[in-house]
Amino acid sequence: RVGRRQRRKRIGRVRLLWPSVRKSVIEPLIKAVQHKATHKPSAQDAALFAGLVCLLPFSIFLVFFFLWVVLPFLLLDEILQGLYDQRLATWRVTIQAEETLFALFAAGRVWFLMIKISVKQFTRLARKQIANAHQRPGGLAQLAQDTGSAVWKLALEAGAALSRDPAAPFRTSHGAATSLWGQAQEFRSWHSSALDDRTTL
């Protein structure tokens, strides 16, 4: 049993905290600027520089905005990122939450693929119906009339059902959420957890 558990694939984790602003925004921006600086300036770069010179007062405002707003935010972000990576990421509750969120995303991805396939099949069927409508008497006008009648009938039936049972949409939503949660838990049971071989708080 232990051997089978060790052979299971380790479940992924979705970070609860937002990505580091320095790594995801500042560093790529610096690399892009360095890449531009190492190449021969183009006419577009010259026009951009001329525009910055013309907007010098606004550029000064941006500098003050960076010093008073952006820089403190970056410092706070670095503190939170370091605290999360060094302490919070090793807590048992954090690991469980990250693995559960990963499992929910994995189950949601399956639902998304199923919906995508259904939409493609519906689109293919609609195109086929339109192609066939060109060969029938009445053409697209008759198809539009039949489709409108069918939609109107379905809307009336849905309205009547809702009037008889107003709580039906809530039960349907609750059932879908319960099903998604069950699939996520089943996905977790197929994989090993970081808690299997780590002692956390």
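This note goes through the helices, the nonpolar core and the side-chain pairs of a predicted model.

1. Basis. The model is predicted, and local features need pLDDT of at least 70, side-chain atom pairs count only at pLDDT 80 or more, and totals for chains, interfaces and linings use all residues. Residues are numbered from 1 along each chain as its sequence is written, and side-chain values use heavy atoms, with hydrogens and water left out.

2. Helix H5. Helices here are DSSP runs (H or I, at least four residues), numbered from the N terminus. H5 covers residues 92-133, 42 residues in all. From first to last C-alpha it reaches 61 Å, close to the 62 Å expected at 1.5 Å a residue; the expected span is 1.5 Å times one less than the number of residues. Buried residues of H5 include Thr94, Glu98, Glu99, Ala103 and Ala106. Buried means under 20% relative accessible area, exposed over 50%, and partly exposed in between (1.4 Å probe, protein chains only).

3. Nonpolar core. The largest nonpolar core has 5 residues: Ile11, Ala103, Ala106, Ala184 and Phe187. Such a core is a set of buried Ala, Val, Leu, Ile, Met, Phe, Trp, Tyr and Cys residues joined through side-chain atoms within 4.5 Å. H5 and helix H7 (168-190) are the elements that give two or more residues to this core. Leaving aside residues up to four places away in sequence, Ile11 has contacts (heavy atoms within 4.5 Å) with Glu99, Phe102, Ala103, Phe187, Arg188, His191, Ser192 and Ser193.

4. Aromatic pair. Rings of Phe, Tyr and Trp (its six-membered ring) pair if their centres lie within 6.5 Å; planes under 30 degrees apart count as stacked, over 60 as edge-to-face and the rest as tilted. The count by this rule is 1 aromatic pair. Phe102 and Phe187 form the pair, which is tilted, with 6.2 Å centre to centre and 40 degrees between the planes. Phe102 lies in H5 and Phe187 in H7, so the pair ties together parts that are 85 residues apart in sequence. Phe102 counts as partly exposed at 26% relative accessibility, whereas Phe187 counts as buried at 18%.

5. A salt bridge is a side-chain nitrogen of Lys or Arg within 4 Å of a carboxyl oxygen of Asp or Glu, and the structure holds 6. One of them joins Arg188 and Glu99 at 3.1 Å, N to O. Arg188 is in H7 and Glu99 in H5, so this pair ties together parts 89 residues apart in sequence. Glu99 is buried, with a relative accessible area of 0%.

6. Arg15 forms a salt bridge with Asp85, the closest N and O atoms being 2.8 Å apart. Arg15 sits in the loop between helix H1 (2-7) and helix H2 (21-37), while Asp85 is in helix H4 (residues 56-86), 70 residues apart. Arg15, at 32% relative accessibility, is partly exposed, and so is Asp85, at 42%. Gln81 is also placed in H4 and counts as buried at 5% relative accessibility. The side chains of Gln81 and Arg15 are joined by a polar contact of 2.3 Å. A polar contact is a pair of N or O atoms within 3.5 Å; within protein, one must be able to donate a hydrogen and the other to accept it, and residues adjacent in sequence count only if both atoms are side-chain atoms.

7. Salt-bridge network. Arg22, Glu27 and Glu78 are linked in a network of salt bridges. Within it, the side chains of Arg22 and Glu27 meet at 2.8 Å, N to O.
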